[in-house]
Every structure is written in C-alpha cells, then in structure tokens.
Amino acid sequence: MARRTAVAWAALGPLLWGCALALQGGMLYPRESPSRERKELDGLWSFRADFSHNRRRGFEEQWYRRPLRESGPTLDMPVPSSFNDISQDWRLWDFVGWVWYEREVILPERWTQDLSTRVVLRIGSAHAYAIVWVNGVDTLEHEGGYLPFEADISNLVQVGPLSSQLRITIAINNTLTPTTLPPGTIQYLTDTSKYPKGYFVQNIYFDFFNYAGLQRSVLLYTTPTAYIDDITVTTSVEHDSGLVNYQISVKGSNLFELEVRLLDAENKLVANGAGTQGQLKVPGARLWWPYLMHKRPAYLYSLEVRLTAQMSLGPVSDFYTLPVGIRTVAVTESQFLINGKPFYFHGVNKHEDADIRGKGFDWPLLVKDFNLLRWLGANAFRTSHYPYAEEVLQMCDRYGIVVIDECPGVGLALPQFFNNVSLQNHMRVMEEVVRRDKNHPAVVMWSVANEPASHLESAGYYLKMVITHTKALDPSRPVTFVTNSNYAADKGAPYVDVICLNSYYSWYHDYGHLELIQQQLTTQFESWYKTYQKPIIQSEYGAETIVGFHQDPPLMFTEEYQKSLLEQYHVVLDQKRRKYVVGELIWNFADFMTEQSPTRVLGNKKGVFTRQRQPKSAAFLLRERYWKIANETRYPYSIAKSQCLENSPFT
Ligand code: BDP
C-alpha cells in the first residue's frame with residue numbers, strides 16, 4: 001500500500017505555535033512552588049436550589065449580598081460532587097435552573113497584606129454556567145462545564161485589616177440551550193389537562209445524566225504579582241536527541257529574566273535555556289512511551305521555569321515546574337505512529353460518574369479506575385464526551401495511558417444546533433481545552449465532537465471550521481471527531497486525520513443477530529477505508545448487559561450476549577488491525593447513569609465493569625484480548641510496573 005508522507009505535527013511546533021490562542025491568559029495547573037501556595041476549598045459548602053417559578057428569586061433577592069443562611073434554609077453540599085444524588089429531595093435529582101453554593105474562608109494574613117502577592121480563585125469546573133461573587137462583588141462568569149476558570153481576586157482581599165474573611169458565592173445554572181456545548185432545549189408542556197401551569201422539561205440529546213454542580217475542586221492559590229502566566233511545550237526527536245520547544249508568557253512585568261532548566265527523573269540537569277522561547281536539546285533523550293510499548297514507559301522530565309522581575313517594590317521571583325514527556329505523534333494513510341512506531345489503541349471509553357458523587361472528582365475512584373485499566377491491559381481511552389479532570393490526565397502522563405481528548409461537543413443532533421453562535425462557542429471551548437491540556441504527553445489527539453449530525457451540509461462546514469481552528473491552535477496533534485454516519489453521507493470526515501467510527505451491530509438493529517456482525521463490520525471498514533485512505537479507530541461498540549443475567553444460547557442483556565457480540569467484533573478487528581484499523585475502544589469501561597427512559601435500566605449498562613467497578617464476564621474476555629495484543633506488539637522484555645500485574649498470567 002502506498003504510504004502517504006507521515007504528517008509529523010511536532011516538527012512544525014515551534015513555527016506554528018505563533019497562532020496564539022484568542023483566550024486571554026494561560027490556565028496552568030495550580031502547583032505549589034517556592035513562590036506559590038494553594039488552599040483547597042473542598043469540603044462542605046452551603047447550598048440552595050432556587051425552586052421559584054422563574055428560578056430567579058436568588059437574583060431578585062440578591063442572595064450573594066449576605067450569607068446564604070440569612071436568605072433562607074440551606075443544605076450541606078460536598079464539593080467536589082454533583083448535587084443531584086446527594087439529597088433525599090427528589091426535586092433535586094433532575095433539577096433544572098440556578099443552584100447556589102457558598103463557602104466562607106479565612107485567608108493567611110500574608111495573602112491579604114503582602115501587596116507583591118497575587119491571590120487567584122480557581123474553579124475546576126462548574127456545569128454549565130456560573131457566576132461568582134467574592135464578598136458580594138460580582139467577580140467572574142463562565143460558560144461551559146468540564147473546564148476550569150479563574151479570577152485574580154487580589155484587589156478584593158487586599159483592602160484592609162478585616163479582609164482575611166472571605167465569602168465566596170457561586171450560582172450555577174445547568175440549563176442547556178441550542179448554543180451551549182452540549183446543546184439542549186427547554187420544552188414547556190402547555191396542555192393544562194396533563195401538566196401544571198409553567199411545567200417544563202429539559203431535552204438533552206446525549207446518553208448520560210446531566211450531572212451538575214461544583215464537580216471538581218475549588219481552590220485559592222497565590223503567585224507573585226509578576227508571574228509565569230503560561231508555558232507551551234512541544235517536543236520532537238532528531239536522531240537520538242529529544243528537542244523540547246518552549247514558549248513562556250509572563251504577566252505583571254515587562255522587565256524580567258527567565259531561566260529554564262530541564263531535569264531528568266533523577267533530578268539531574270540535562271539542558272538549560274533562557275528567555276520567553278527556545279529549544280532545549282537532550283542528547284540520548286529518554287522518550288515518553290505508552291505503557292506496554294517500552295520497558296520504561298511514561299518517562300517524564302521536569303521543566304523548571306524561574307522568573308525574576310524588577311518591580312517597584314523590589315525584585316520578585318516566580319517558579320513553576322512542568323512535567324514534560326518527549327514524544328512524537330504522526331499519522332500516515334494507515335497507521336498512527338508514536339515515536340515513529342505503529343501504535344494500536346486497545347482501550348476503553350469512559351465516563352466520570354460513579355455512585356452518589358455523580359461526576360464529582362474522587363481520588364479513590366481515580367486510582368481504582370487506573371488499576372482496572374492496567375488489569376485490563378488497556379493502553380488508551382477517549383474522554384467521552386467531555387474533558388476529564390486535570391488529575392486524570394496527570395495520571396495518564398505518569399502511567400503511560402494514551403488519551404484521545406474529547407470536548408463536550410456531544411448531542412449536536414438537530415439542524416438548528418449548527419449555527420454561527422454555536423460555532424463560535426465551540427471554537428472557544430476548543431481553545432479552552434487546548435489551553436488546559438496542550439502540555440500532556442498522554443494526549444495524542446483531539447476529538448471535537450461525538451456523533452454530530454454529520455450528514456448535514458451545515459454540519460460539514462461547521463466541523464471543518466472547528467477542526468481547522470483546533471489544528472491552528474495545536475499543530476502538534478491530529479484532530480478527529482467521532483462519527484456514526486454512513487461513509488457516503490458524512491460531510492465532516494474529509495477534514496479529520498483519523499476516522500473514528502461508532503457502530504452497534506446486533507444491538508440497535510438486527511437485534512439478537514450476532515451472525516451478521518462480521519459481514520456488516522467488514523463492509524463498514526472497507527467502505528470507509530476505500531473512500532478516505534485514513535487510519536480508522538472503532539471508537540465505540542458494545543452491548544447493554546445486566547450483571548448476573550445469564551442465558552445460553554445468548555440473549556440480549558445477558559453477560560453471554562455481551563461476550564459473544566465482542567467476540568464477533570474481534571474477529572473482524574483482527575483481520576483489519578494489521579492493515580489500517582489502528583484501534584478499538586469498548587463502549588463502555590463501566591456502567592453509567594443516564595436520564596430515565598424505557599431503554600435504560602438505572603442507566604446505561606454497556607460497561608464491562610459495573611458502576612461499582614466489579615467485572616462482568618466480558619471484562620475477562622477483554623483482558624485476555626488486550627494482553628494478547630500487547631504481548632504481540634510490545635517492546636521485548638517490557639515488564640509493566642504495576643502492583644496489580646505482578647501475578648498476572650499475561651506478563
Ligand atoms: C453512542 C453514544 C454514547 C451512547 C451509546 C449507547 O456515543 O454516548 O451511550 O451510543 O447508546 O451512540 O450506549
């Protein structure tokens with residue numbers, strides 16, 4: 001097969017990173033350093049949902065002006081957590097409208113008195129629209145869940161001796177509109193013989209529960225008034241040298257010096273530089289490899305940046321350390337290459353939800369999920385269908401799990417969702433995703449949408465614009481969207497680097513006819529490949545399975561049916577994976593909550609693990625398969641370092 005020249009985005013990095021983001025400022029993960037402190041505001045917040053008819057009583061009565069308890073009863077609400085599953089009040093479960101959170105904080109005196117300290121309030125995510133007041137002053141607004149936002153609140157806290165007491169009020173609205181991402185619609189049901197006056201429902205066009213609230217950490221952190229605002233790193237490889245291109249933006253001073261040091265994992269200096277941009281050369285560099293591909297996967301260097309600025313109050317220093325993995329990503333006509341070697345994605349799709357915390361970030365869950373990923377032998381996942389918490393990506397960097405980073409472009413199902421306002425918003429969201437996640441070596445591709453109505457002409461233009469914009473934001477990575485359209489009808493596929501296909505043969509049609517899968521899947525792959533000559537990932541496939549349901553011969557919803565369906569897919573995947581199919585991602589890693597409907601039994605049950613993270617039979621099947629693939633393709637003598645793999649029959 002003729003090989004198209006590999007497109008090595010990384011090589012273009014230093015030239016093209018000039019296409020700076022339109023967003024103001026960076027969004028570096030708040031790390032402690034000799035010049036930076038952090039104060040987490042996780043724990044119990046006061047909470048109230050505004051059940052008033054128009055949901056606007058909180059604004060009419062200005063609940064933000066005084067402590068929330070003074071305007072009525074409040075609930076204890078844990079942060080981070082979704083609010084939906086916490087209370088016994090059923091009205092909160094699928095509440096639509098404004099909810100109010102409040103927390104009082106005492107600041108260290110130095111933060112309020114030292115005028116060379118900058119105090120920042122950072123909200124990890126608030127789904128879907130948030131307004132923030134500090135001591136009753138309107139401070140910050142943000143649209144879109146799943147991404148962080150922050151404000152410099154120094155001038156609100158450095159105002160006098162009483163200022164160490166801080167009251168943070170956050171109003172969050174989970175209403176989705178035709179121009180939000182994901183979009184949704186509010187429908188008023190006006191037949192008064194059936195519904196009370198003013199009755200409405202929120203229609204969503206995606207298959208997961210619209211959990212909301214402060215689902216990730218809220219924190220305060222400090223920097224000096226002259227500070228490292230953003231760092232962008234791209235890497236490439238030349239012979240046996242790794243090249244680390246960096247670009248640094250500084251705020252708060254024009255008179256400064258920057259020192260840059262690259263340290264290896266043993267803290268030894270391997271290269272250094274100075275100034276806002278440059279290239280560091282690392283002879284004999286150790287590359288960041290996905291795990292199972294190398295005996296030492298996920299090697300991380302540290303980029304230490306030191307800023308010294310001359311300020312009127314005297315010199316100021318700021319320090320920030322960024323983990324850096326040196327690796328390249330490229331795509332040919334039939335392969336996905338990491339460090340020049342073909343990479344096969346054998347992994348999962350996930351959701352962030354589990355039990356009563358909904359989508360609330362949770363360390364035990366995170367570590368458990370990573371142990372399960374390694375138990376499975378999964379080397380990759382897609383962040384279906386929204387960007388996950390930053391801590392998840394940090395784990396992927398450290399463990400060598402490869403990520404397709406998807407934005408919340410899900411549920412773009414109706415023609416009216418492809419309008420100019422939505423397009424502008426979608427492009428802004430991609431700016432926020434790239435700004436937050438660009439430095440993670442684990443992220444190897446952006447996905448701008450899941451199953452948009454890509455057969456529409458308007459969707460073709462829309463997807464072209466979002467993809468082009470994303471490539472301009474980050475020329476170092478391929479871009480895709482995930483489609484369930486027909487190859488002949490899809491208007492967005494011409495613009496992607498990798499074709500990602502979702503199909504549910506013998507599930508959503510030809511129910512029970514497992515014998516058709518091989519023919520239908522072969523046709524799917526061959527038609528797409530003939531049309532586009534691009535590598536293909538089977539980005540979703542699976543079957544709804546209630547744990548403990550058994551039937552032989554297999555019937556739908558049983559563990560046997562899920563296993564048999566997977567086996568049929570695997571026959572064809574095995575035929576094609578040595579050709580142009582470069583990955584398979586099961587739908588889904590674990591069962592997850594959805595809206596109520598006659599087709600969902602307490603949520604979507606296509607997980608190979610239950611929502612409590614216990615394996616169904618299919619998990620063992622998948623584990624055997626993934627380790628078999630890993631053993632065929634992995635670097636000789638590679639031993640995965642994981643406590644859960646030590647006794648594995650597959651290592
Ligand atoms: C796919 C969607 C995914 C759904 C899945 C399903 O991408 O979000 O949960 O179908 O129906 O079409 O299980």
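Q: At what angle do helix 11 and helix 12 pack?
A: About 20°, with the axes of helix 11 and helix 12 (residues 617-633) 8 Å apart. Axes here are lines fitted to C-alpha atoms, for helices over the stretch in contact, and angles run from 0 to 180 degrees between N-to-C directions. This is a predicted model, where local features need pLDDT of at least 70, side-chain atom pairs count only at pLDDT 80 or more, and totals for chains, interfaces and linings use all residues. Residues are numbered from 1 along each chain as its sequence is written, and side-chain values use heavy atoms, leaving out hydrogens and water.

Q: New topic: how do helix 10 and helix 11 cross?
A: The axes of helix 10 (residues 517-532) and helix 11 (residues 559-576) come within 9 Å and cross at roughly 40°. That makes helix 10 oblique to helix 11.

Q: And which residues touch there?
A: Among them are Ile 517, Leu 521 and Phe 525 of helix 10, and Leu 565, Tyr 569 and Val 572 of helix 11.

Q: Where does Leu 573 of helix 11 show up?
A: Leu 573 is in the contact with helix 10 and also in the contact with helix 12.

Terms used:
Helices (H or I, at least four residues) and strands (E, at least two) are DSSP runs, numbered from the N terminus. Angles under 35 degrees count as roughly parallel, over 145 as roughly antiparallel, 65 to 115 as roughly perpendicular and the rest as oblique. Contact means heavy atoms within 4.5 Å.
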